[in-house]
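Thanks, everyone. Let me put the model up, and then we'll walk through it.

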Amino acid sequence: MTDDNTIKVSAEYLRKLEKKVEGLSALAEISEIISSTHELEELMNLVMERAKKEMGAEACSILFYNKQTNKLEFEVALCSDDSTNEMLTKTVTLEMGQGIAGWVAEKLEPLVIEDVRADKRFFGGIDKQTGFTTESMIAVPLIGRTGLIGVAEMINPRRRDYDQEIFKLLCRQFAIAIENALLYQESIRKERLRQELEIAAVLQKSFLPALPHFEKGNLRLSAITIAAAKIGGDLYDFIEPVDGKVGVLIGDVSGKGVSAALYMAKAVSDFRYAARLQTAPGKVFDEMTAQLGDSPRGMFLTAIYMIIDLASGSVRVASAGHPPFLWITGDEVKETSLLSGPPLGILPLEYPSTTIQLNPGDRLLLFTDGLFDAQDPGGERLGFGKLIDFVKGHRHEESLTESLMDYIISLEQGADRADDITIIDIKWQG
Amino acid sequence: MKIELTSHSSHIVIVITGEIDMSSSPELRARLLELIHKKPPVLFVDFTSVSYIDSSGIATFVEGLKGMMPYGGRLKFVSIPPKIAEIFGFAKLDKVFEIHGSMDDALRP
């Protein structure tokens, strides 16, 4: 007897239904693993291990598609022998179209092969290398939002009655999870790099004088330095090497980034050491160029060092491949090119020192090339000539450096600054 | 930036077009060091079409020069346009590199 609520089903239907439920519960379990981690390696290992168990496979692997080389590389290989796994992930690559995985990657279609020996697409080279015997194989392309990520393979799966639809669904979900994990990994890497650069920038600043201005007797110094987006290598220093004298250094390290920051730190240390021992600025540079000579990648420092006598206003200057400074005296703005040597750290040369005499009211403007290399959004550079014109027009302004920076900012109109800008204003009251 | 290799009287000439800056100097470095590895007695660099060079570009040539010095190789710059000459002038690079007006000048004994 049956009542109206009872439904009769065939044993076949029930078996299919059970298979579906089984497949769905495996899918749910794997989905849970997928959402439990952002760590790429952990994600791939957990999912592949679980899928391998589900299919009763002897081994499994994931090959990643390398866009640069247009090849497939083993990213994960799971079989009972760890040395085989290591060998596959370290040494074996497949061309697009080569072997089953290459075919799947090229056609973007899954393949189920019951007997690989009967399939011409099978590449026996890997078995020869590993000593493993592949009999049957399931290979599925992993396709994310941005295209092919790679190929997932199950080797010698004992279970053949799995639900293909669920398997495809799983692979799709897995591909997106791998893609997300790759993006996550990339964002972590970028964040780490950003933090490193931030720390380097703070450390770099600590090598500059604590205060950007200095006053002693008739001398007034002020500096302004603005870093570009990347860490640059501008530096300056105000020191009192001996009583009655003030030293002013401005410099620019070649290149950017952490290497430039480290080089700058070394240059400042070398400078402070040499400046205490040598009374002529050229001699200080002789020491520095020897110290900086072994630097990698042709790195160098352009610099000007002045020692100002507080009693007389006489200035001893040495220049090492640095742009000329401007000397504002009376109504004149002079581009001051002194006897100069090349940048420090290139050749072991001797640097000359030149003496100039300041008059009351004179002003010296020292700067790095970021100032006249500043670009408008169209890429047009300010140039040295226009810089002099601007200074001529504003030479009597007390806040000349601020006006100059405002001028640069209005020229750039928010365009990315390629180089640091440093300006030192030296005023001699007499 | 574009790098082309030509030859002039059996010497290698590196012809560079465009800006040599932070983004392009790694490529220049790779090409230059590859050439220097073969220890050519002289390498010429034609600057005719270089529109800008920054300190990272100059450092690349300094590295090249330092690589040539131990075996007595010479790095010669030719045809430097006025804008680049200004940069080289500020940096006193004529004291570091051999600079010539043209290939013919550079080859004159």
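What is the strand order in the open sheet of 6 strands in chain A? The order is E7-E8-E18-E17-E13-E14, and the pairing is antiparallel. Strands, and helices too, are DSSP runs numbered from the N terminus: E with at least two residues for strands, H or I with at least four for helices. Two strands pair if DSSP finds at least two bridges between them.

Some ground rules. This is a predicted model, in which local features need pLDDT of at least 70, side-chain atom pairs count only at pLDDT 80 or more, and totals for chains, interfaces and linings use all residues. Residues are numbered from 1 along each chain as its sequence is written, with chains lettered from A and ligands numbered from 1 in the order in which they are written.

Strand E7 (213–216) and strand E14 (332–336) of chain A stand at the edges. Each has a single partner strand, so one side of each is left without a neighbour in the sheet. On average, neighbouring strands are turned by 15 degrees against each other, direction ignored. Axes here are lines fitted to C-alpha atoms, for helices over the stretch in contact, and angles run from 0 to 180 degrees between N-to-C directions.

Now E18(A), residues 421–428. Of its 8 residues, 7 are buried (20 or more other C-beta atoms within 10 Å of the residue's own, C-beta atoms being placed from the backbone). Strand E8 (residues 219–226) of chain A pairs with E18(A) over 8 antiparallel bridges. There, A:Ile226 has A:Ile421 as its bridge partner. Strand E17 (residues 363–367) of chain A also runs antiparallel to E18(A), with 5 bridges. A:Leu364 is bridged to A:Ile426, and A:Phe367 stands opposite A:Ile423.

Helix H9 (residues 384–393) of chain A touches E13, E14 and E17, and its direction makes about 150 degrees with that of E14(A). Contact means C-beta atoms, placed from the backbone, within 7 Å. Helix H10 (residues 400–412) of chain A touches E8 and E18, at about 155 degrees to E18(A).

Over to chain B. The axes of helix H1 (residues 25–37) and helix H2 (residues 55–68) come within 10 Å and cross at roughly 10 degrees. That makes H1(B) roughly parallel to H2(B) (an angle under 35 degrees). Residues meeting there include B:Leu28 and B:Leu32 from H1(B), and B:Gly64 and B:Met68 from H2(B).

Last, the chain contact. Chain A gives 19 residues and chain B gives 16 residues.

Notes: Contact = placed C-beta atoms within 7 Å. Parallel < 35°, antiparallel > 145°, perpendicular 65-115°, else oblique. Buried ≥ 20, exposed ≤ 12 C-beta atoms within 10 Å, placed from the backbone.
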